[in-house]
Amino acid sequence: MAIRRKTSEEAGMAAVREVRALFASFEDSSAAPAEPVPAEVSQAFAALPRSVRATFVRFTLEELATLAPGNSVEVRVPPLGVTQCVAGPRHTRGTPPSVVETSPVVWAALVLGACSWEQAVAAGVLDASGERSDLSTLLPLF
């Protein structure tokens, strides 16, 4: 079943370009940051207009759901978006069998390849539970 898009591709890709440019502006600032997303990147991301951050998160969650359709994993990026993806057992009530949750800035770093899945999990900035919750093969998206 195809997902029902709520974000236009034009608006979504504009947000992706803006967030990618923000991350690119910090690429040369340190060779190997000790944290998955350095504080200055987090602050700059938070300074973006909420509409850009929300469009980025929602559009990329829609892209993920298109890439890996299904209902066995719920990906939560509070307070901006949520989606279900990855084929497997469908749940109808309560918490799904597999859940991934992270902040918008960490989600952006994962989607753009600025941070690896393993880095985010090791740093404790990404919660992933359930047998299908490892999305490392699906990320980065862009």
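Helices (H or I, at least four residues) and strands (E, at least two) are DSSP runs, numbered from the N terminus. The model is a predicted one, in which local features need pLDDT of at least 70 and side-chain atom pairs count only at pLDDT 80 or more, while totals for chains, interfaces and linings use all residues. Residues are numbered from 1 along each chain as its sequence is written, and side-chain values use heavy atoms, with hydrogens and water left out.

Helix α2 spans residues 39-47, and its buried residues are Val41, Ala44 and Phe45. Buried means under 20% relative accessible area, exposed means over 50%, and partly exposed lies in between (1.4 Å probe, protein chains only). Seen down the axis of α2, the buried residues fall within an arc of 100°, so they line one face of the helix; the arc is that of the directions from the helix axis to the C-beta atoms. Gln43 and Ala47 are exposed on the other side of α2.

Two of the covering helices, α1 and α4, also meet each other. The axes of α1 (residues 9-24) and α4 (residues 104-112) come within 11 Å and cross at roughly 90°. That makes α1 roughly perpendicular to α4. Axes are lines fitted to C-alpha atoms, for helices over the stretch in contact, and angles run from 0 to 180 degrees between N-to-C directions. Angles under 35 degrees count as roughly parallel, over 145 as roughly antiparallel, 65 to 115 as roughly perpendicular and the rest as oblique. On the α1 side the contact is made by Val16, Val19, Arg20 and Phe23, and on the α4 side by Val105, Ala108, Ala109 and Leu112. These residues divide into 7 nonpolar, no polar and 1 charged. In this division Ala, Val, Leu, Ile, Met, Phe, Trp, Tyr, Cys and Pro count as nonpolar, Asp, Glu, Lys and Arg as charged, and the others, Gly among them, as polar.

Helix α4 is mostly covered, with 9 of its 9 residues buried. The buried residues of α4 are Pro104, Val105, Val106, Trp107, Ala108, Ala109, Leu110, Val111 and Leu112. Glycine 113 follows α4 and has a positive phi, near 80°.

The segment after β4 can be followed from phenylalanine 142, which lies in that segment. Leaving aside neighbours within four places in sequence, phenylalanine 142 is in contact with Met13, Val16, Arg20, Phe59, Thr60, Glu63, Val111 and Leu112.

A pair of aromatic rings is described by the distance of the centres and the angle of the planes. Rings of Phe, Tyr and Trp (its six-membered ring) pair if their centres lie within 6.5 Å; planes under 30 degrees apart count as stacked, over 60 as edge-to-face and the rest as tilted. By this rule the count comes to 1 aromatic pair. Phenylalanine 59 and phenylalanine 142 form this pair, which is stacked, at 6.3 Å centre to centre with 20° between the planes. The pair links distant parts of the chain, 83 residues apart: phenylalanine 59 is in helix α3 and phenylalanine 142 in the segment after β4 (126-129). Phenylalanine 59 is buried at a relative accessible area of 1%, whereas phenylalanine 142 is partly exposed at 27% relative accessibility.

The strands come next. Threonine 83 lies in strand β2 (residues 81-85) and is buried, with a relative accessible area of 14%. Not counting residues up to four places away in sequence, threonine 83 touches Leu61, Ala65, Val73, Glu74 and Val75. Of these, glutamate 74 has its place in strand β1 and counts as buried at 14% relative accessibility. Glutamate 74 and arginine 132 are 58 residues apart along the chain, with 10.0 Å between their C-alpha atoms.

Some backbone features remain. A cis peptide bond with omega about 0° joins proline 78 and proline 79, and proline 79 lies in the loop between β1 (73-77) and β2. The peptide bond from leucine 139 to proline 140 is also cis, with omega near 5°; proline 140 lies in the segment after β4. Valine 86 is a residue other than glycine with a positive phi, near 70°. Valine 86 is found in the loop between β2 and β3 (98-102) and counts as buried at 14% relative accessibility.

How values were computed: Contact means heavy atoms within 4.5 Å.
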